[in-house]
Structure formats: structure tokens, C-alpha cells
Amino acid sequence: MEDPPIIIYDEEDVQDGIHSCSKSLIEKKLQFFFDEPKDADRILKGSPWIFRNAWLSLRRWERGQVLPEIQFSLVPLKIQIWGLPLHCRTTKMGFKIGACMGEVKESDVYETKEKGTFIKIQVIFNVNKPLKSGINVGSMKDGISWADFQYERLPQFCYICGKVGHDEDGCKSQQEGEKEGDKDASEFGPWLRASQIGRKLLNKDAVDDSKKRQNSLKKHNATLPSDFLQMMSSLTVTNNDPSSTLPSNDKSTTSVEQKKSPFF
């Protein structure tokens with residue numbers, strides 16, 4: 001049996017397809033096309049989106065990629081960390097705690113008027129793993145304390161296994177949980193959803209940089225030399241336009257005479 005022939009195509013044959021796909025985003029079964037690349041960038045920046053109470057994970061189209069091999073299970077997820085001792089609410093603590101959930105991309109300190117300060121992190125989360133309600137943290141000096149996790153823009157998730165994408169009725173672990181006496185039944189619930197966003201606080205480095213810029217502006221905003229100010233005060237104005245209807249001794253004229261000055 002002969003091998004099937006191979007049809008060779010040129011770049012010109014697929015140029016239109018490359019142009020269209022370069023402004024598109026892909027999902028497991030869908031491809032979204034945009035008129036402008038900036039629109040695709042804006043949508044991708046806000047990913048993952050929630051559609052029908054589930055995450056819609058998007059990726060940028062790249063030539064040569066094979067759709068079944070693209071990793072759609074990793075999504076950026078913002079997590080609020082509450083309940084830490086006051087002196088532990090730092091960006092470094094956010095990076096250290098967030099490592100238990102995935103790769104940490106951002107860590108900042110936020111505040112609310114009602115509840116005070118908390119840490120907010122952004123991690124690359126694997127949706128095949130369960131959420132965490134919190135974690136124990138501690139040191140030799142401070143002892144052990146519990147930190148609560150709350151999640152922003154969280155879609156449907158199971159209160160039994162803690163995984164995103166289904167509820168208790170569709171949970172495969174439900175029967176196992178019942179056999180074990182639902183020992184973890186209270187670990188997951190609606191309280192894992194963040195009810196507020198908060199306002200980001202400037203960290204110490206940002207405050208120090210701001211002070212440096214202010215001091216730099218002060219240095220470049222020095223007062224004018226007194227000699228120059230005296231020279232400016234010695235300037236007089238005269239009228240050199242013979243057609244002007246103004247009296248010759250009128251002070252509101254258009255040309256300037258200056259007395260001798262060391263600056264000229």
C-alpha cells in the first residue's frame with residue numbers, strides 16, 4: 001500500500017489564517033477572534049472569566065501548538081489571607097504562605113475600613129486540586145496561629161471535596177465522605193468567597209521611593225538668586241510705537257528696556 005501524498009503549502013496560503021489567529025484567544029473547544037490585538041490583551045488580562053458558574057480559562061494562540069497539549073488547568077487566582085498577627089502581614093509572608101497553593105505572582109498588603117489589614121496574593125492555581133480553607137503558620141517566638149483563606153471571583157465549588165467545577169450533588173467523593181463520617185464537612189463553605197476587595201497599601205519600598213522623588217524635586221526647585229531678582233526689578237517699559245494712542249508716559253507698553261546687569 002502506497003503512502004498517502006503530502007500536500008506542501010506556502011506561507012502565502014495560510015497568511016490570512018495567521019493574521020486572524022494572531023488576534024485570537026483559545027479555550028478547550030472554542031476560539032475567540034478579535035478585531036484588535038489590544039482587545040484580546042484586555043480579555044486575557046482579566047482571565048479566568050466566569051461563564052455559567054465555571055471558570056473560562058483562555059490562552060493566547062501560538063503557531064505550532066497542539067490543542068490537546070495546552071495546559072488549561074492552570075489559572076491565576078487571587079487569595080486573601082486573614083487572621084495573621086499584625087506584624088506578620090507583610091508581602092514576604094504572602095509569598096511564603098502562597099507557595100502552598102501554587103506559584104505566587106503577586107503579594108501586597110490591603111486594608112478595609114471594617115476589618116483592618118490583610119494580605120492579598122495572586123497564585124497560579126491548578127484547578128484539579130482542592131481549595132484550602134487556610135493554613136497554620138508560626139515561629140519559635142510567636143507560636144502557631146491559623147490564617148484563613150478567602151478567594152476572589154470564585155465560581156461554583158464543592159463543599160465536600162473543595163474542588164472547583166461541581167457541587168455536592170455531582171461530587172464523586174460524596175459517598176467516601178459519608179463513609180468517613182464527613183469529618184471535613186465544615187472545612188468548605190460559602191465563607192471561602194471574598195466579600196470585599198480592599199484597598200492596596202503602599203509598601204515600605206514604595207514609600208521610600210516616593211520620599212526620594214520628593215527630595216529630588218526640592219533640590220531642583222531652588223529659589224532664584226537675589227542678584228537676578230534685583231535685575232528683574234530694575235526693568236522698565238517704554239512705548240516705541242508712534243502710532244499708539246497711549247500717552248508716552250503710560251506704563252502699559254509693549255517693549256522692554258533694561259539697565260546694565262552683570263547677567264548680560
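1. A word on terms before the details: two strands are taken to pair if DSSP finds at least two bridges between them. Please keep in mind, too, that this is a predicted model.

2. Three strands make up an open sheet in the order β2-β1-β5, with antiparallel pairing. Its edge strands are β2 (31–33) and β5 (59–60), each of which pairs on one side only. Between β1 (residues 24–26) and β5 there are two bridges, in the antiparallel sense. If you want a residue to look for, L25 stands opposite R60 in β5.

3. Next, have a look at β8. Strand β8 (residues 116–126) runs antiparallel to β6 (residues 74–82), and eight bridges join the two. Here I79 stands opposite I121 of β8.

4. Strand β8 also pairs with β7 (residues 103–112), again antiparallel, through nine bridges. Within this pairing, V109 has I119 in β8 as its bridge partner. How many residues lie between β7 and β8 in their hairpin? There are three.

5. One backbone angle deserves a friendly flag. R153 has a positive phi of about 55°, although it is not a glycine. For context, most residues other than glycine have a negative phi. You will find R153 in the loop between β10 (143–151) and α4 (174–179).

6. Is R153 buried, exposed or partly exposed? R153 counts as partly exposed because its relative accessibility is 46%, and that class lies between the cut-offs of under 20% for buried and over 50% for exposed.

Conventions
Residues are numbered from 1 along each chain as its sequence is written. This is a predicted model: local features need pLDDT of at least 70, side-chain atom pairs count only at pLDDT 80 or more; totals for chains, interfaces and linings use all residues. Side-chain values use heavy atoms; hydrogens and water are left out. Helices (H or I, at least four residues) and strands (E, at least two) are DSSP runs, numbered from the N terminus. Buried means under 20% relative accessible area, exposed over 50%, partly exposed in between (1.4 Å probe, protein chains only).
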